[in-house]
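Good morning, and thank you for coming.

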Amino acid sequence: MCQSANLLPGENGTVQLASALEECICLESLTLNNCSLGLTFGLPRLAEALTRCAALQELRLDGNGFGDHQTSILASALRQCSELRALSLAWNNIRADGAQHLSDLLRHTPNLMSLDLSANELGGRGAQAVASALAHCAQLAQLSLNHNDLEDEAIARLAPLSQACPRLSLLNLSANDLGPSGTRT
């Protein structure tokens, strides 16, 4: 189901969508990019509905402006989606605390093949949290961490991914604060 760039009428629209999704237990793909999801009641309600979508393989929630608290709620709910293969949370406001919640999720998604956290504000601590959990994602082939205020030290922590994730074929680190030592890592 793709509903990108549809302005759901805030909280009420997101709650209504969540109610409909509760009946979609066979849903495999959901894209709600740039939909102005209601963050106070709507996103938590959507997360609750996703716990019933055990077949979910792909979730894209780019550009909805949620932060660490909403990421915590979403990550907790997605632990029920053991078939998740692609997760995109780009262009939100996820920082180090939100990344820590995502790392808890990543430890329970061994089938994850693609993770896009572009254009958030993970910083070094957030990148470290994500990197430490990716060892549990041996199927990971694509990782996008561009535009995340990452510096050389954070990039160095990502170097072991080549061994932990042997299928990793795309690692996007563009538009970060890489210096000479970060580009040698």
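Buried means under 20% relative accessible area, exposed over 50%, and partly exposed in between, with a 1.4 Å probe and protein chains only. On that scale R52 is partly exposed, because its relative accessible area is 38%. The model is predicted, so local features need pLDDT of at least 70 and side-chain atom pairs count only at pLDDT 80 or more, while totals for chains, interfaces and linings use all residues. Residues are numbered from 1 along each chain as its sequence is written, and side-chain values use heavy atoms, with hydrogens and water left out.

Let me turn to salt bridges, defined as a side-chain nitrogen of Lys or Arg within 4 Å of a carboxyl oxygen of Asp or Glu. The whole structure has seven. One of them pairs R45 with E22, at 2.6 Å from N to O. E22 also bridges to R52, with the closest N and O atoms 3.4 Å apart. These two residues, E22 and R52, lie 30 residues apart and link distant parts of the chain. E22 itself is buried, because its relative accessible area is 18%. Through shared partners, E22, R45 and R52 join into one network.

A further salt bridge connects R95 and E121, at 3.1 Å from N to O. R95 has a relative accessible area of 40% and is therefore partly exposed; E121, at 34%, is likewise partly exposed.

Finally, is N120 buried or exposed? N120 is buried, because its relative accessibility is 3%. Its side chain reaches the backbone nitrogen of N92 at 3.2 Å.

Note on methods:
Polar contact = N/O pair within 3.5 Å; in protein donor to acceptor, adjacent residues only side chain to side chain. Helix = DSSP H or I, 4+ residues; strand = E, 2+ residues; numbered from the N terminus.
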